[in-house]
Amino acid sequence: MASFPPLGDLGAETAGLLARLGVTLGKAQGARPVHSPLTGEVIAKVPDTPADAVDRALAEAQDAFRIWRQVPAPRRGELVRRFGEELRRGKADLARLVTIEAGKISSEGAGEVQEMIDICDFATGLSRQLTGLTIATERADHRMMETWHPMGVVGVISAFNFPVAVWSWNAALALVCGDAVVWKPSEKTPLCALAVQALFERVADGFADAPPHLSTVLLGGADAGAALVDDARVAVVSATGSTTMGREVAPRLASRFARAILELGGNNAAIVCPSADLDLTVRAVAFAAMGTAGQRCTSLRRLIVHERIYDTLLGRLRRAYLSVSVGDPRAPDTLVGPLIDAGAFSAMQVALDAARGAGAVVTGGERLGADVLPGAYYVRPALVEMAAQEDCVRSETFAPLLYVLRYSDLDEAIRLQNDVPQGLASSIFTTDLREAERFLSATGSDCGIANVNIGPSGAEIGGAFGGEKETGGGREAGSDAWKAYMRRATNTINYGTRLPLAQGVTFEIE
Ligand code: UN1
């Protein structure tokens, strides 16, 4: 049975967590209220960073970069290793803060901090593996190679739904790559950012090689983000959020030829084939579509089901949707916590109305607990059966709303899967090798993430994370994503006494 949190308890708990994590809000106390989605109550007030302080922060970050780039990469890795240890120590408190400020259920709050620890471990190893190629040259007594150098100040703009992990993917890599980091977190989750910054500073202050201001947090709304986007002192901007935000940011970065790492909207689908293991599929779909209350970039939003198994699978999913416990994300049996705010709830209702208008059959979707918590937005996740992929299905709604479509042959299913503007994550459920391989092939999924027999969400940090089309094309976290935080120099060295020119060109002077 769902339970809802009591009103009025969260401010004191938040203050205690912040104090333990090393944040002194006395200093940071300001005008912008921070609401907990658990109850809607104000849990703290933070100031916006004033424009002159932003300007100073960017200058200080540049100074920090100039020193940090000279520190050997494995030493830089040592700082990140120690930060990972600090995160291990602070994990329970930080996870709880994520739950209170972003509304994640406890295990997902802990999972998010674990994701930070994982990327720190990854980056520590990476700090000894920032390798470049040597390349065969066409000229005698020459050597050609690539050298990777630190890039500069990296601006990170992050969203409320991963209030700490997404920054860490960027920051851990940027720091071992020799960059300084300036972070503009979502205005909905500034406390998590302040807590992470406090943990980082605790480590950096005790690390002799680390200059001051290696990492900085700027608080505020779009203006603070704009400062990162438009300032020539910021070499790379990694922005996570909606496609609407990306459309603003990308041309402005392009106009000053800055490097952009964009991780924008997703409209992630899973295809369920006749041979699929349905027990596994139901569990995977439930987590991917309802987990995090549907508020991951990678959340499952479209389910494309073969007509032969449609009724069986849908019967099971309807039961799961009606029985899943929605409520206080701190309660151990809760699987679905609140939406972040009223705006998220109304976007969900608009999408549901549009779907109903197009003839959809809707299970769930109603608001829960509004009588006891008028300022919090808990919803029963919605299963929306559609006859066709209408316009409302083709745009991303950041809520637990799963559209279900029917297909009869795999080509049609893949066409549907790809026929949306976004290209982040995708899955196929099948035990047929040919279907699985087809989905992963060049004529299969067009997404940056394509999985078999697991849902589209919940990626590990070891792989590169990101996607194509309106998702923005950026890649973060594992694999060779580090290259985006460094600049590449091609070096050609002549160790001979002659000067042969490339392409056989001759140029003889007297
Ligand atoms: C996001 O929603 O912005 O793959 C990131 C996942 C998580 C990260 C999601 N590891 O679902």
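Tutor: Helices here are DSSP runs of H or I with at least four residues, strands are E runs of at least two, and both are numbered from the N terminus. Keep in mind that this is a predicted model, where local features need pLDDT of at least 70 and side-chain atom pairs count only at pLDDT 80 or more, while totals for chains, interfaces and linings use all residues. Residue numbers start from 1 along each chain as its sequence is written.

Student: Let's go to tyrosine 321. Is tyrosine 321 buried or exposed?

Tutor: Tyrosine 321 sits in helix α11, and it counts as buried, with 21 C-beta neighbours inside 10 Å. Beyond its sequence neighbours up to four places away, tyrosine 321 touches Thr363, Gly364, Pro381 and Leu383. Glutamate 468 is another story: its C-alpha atom and that of tyrosine 321 are separated by 30 Å.

Student: Now whole helices. At roughly what angle do the axes of α10 and α11 cross?

Tutor: Each axis is a line fitted to C-alpha atoms over the stretch in contact, and the angle between N-to-C directions runs from 0 to 180 degrees. For α10 (residues 278-290) and α11 (residues 310-323), the axes come within 10 Å and cross at roughly 45°. That makes α10 oblique to α11; under 35 degrees would be roughly parallel, over 145 roughly antiparallel, 65 to 115 roughly perpendicular, and the rest is oblique.

Student: Which residues make the contact?

Tutor: From α10 come Leu278, Thr281, Val282, Val285 and Ala286, and α11 supplies Thr312, Leu313, Arg316, Leu317 and Ala320. By class, that's seven nonpolar, two polar and one charged. Nonpolar means Ala, Val, Leu, Ile, Met, Phe, Trp, Tyr, Cys or Pro, charged means Asp, Glu, Lys or Arg, and the others, Gly among them, are polar.

Student: At about what angle do α4 and α6 pack?

Tutor: Helix α4 (residues 73-102) and helix α6 (residues 165-176) pack at about 145°, and their axes are 8 Å apart. Ala73, Arg76, Gly77, Leu79 and Val80 of α4 meet Ala172, Leu175 and Val176 of α6. Sorted by class, the residues are six nonpolar, one polar and one charged.

Student: What about a positive phi?

Tutor: Most residues other than glycine have a negative phi. Alanine 477 has a positive one of about 70°; this residue is in strand β22 (residues 476-477) and is buried, with 27 other C-beta atoms within 10 Å. Asparagine 453 has phi near 60°. Asparagine 453 is partly exposed, with 16 such atoms, and its place is in the loop between β19 and β20 (464-465).

Key
Two residues are in contact if their C-beta atoms, placed from the backbone, lie within 7 Å. A residue is buried if 20 or more other C-beta atoms lie within 10 Å of its own, exposed if 12 or fewer, and partly exposed in between; C-beta atoms are placed from the backbone.
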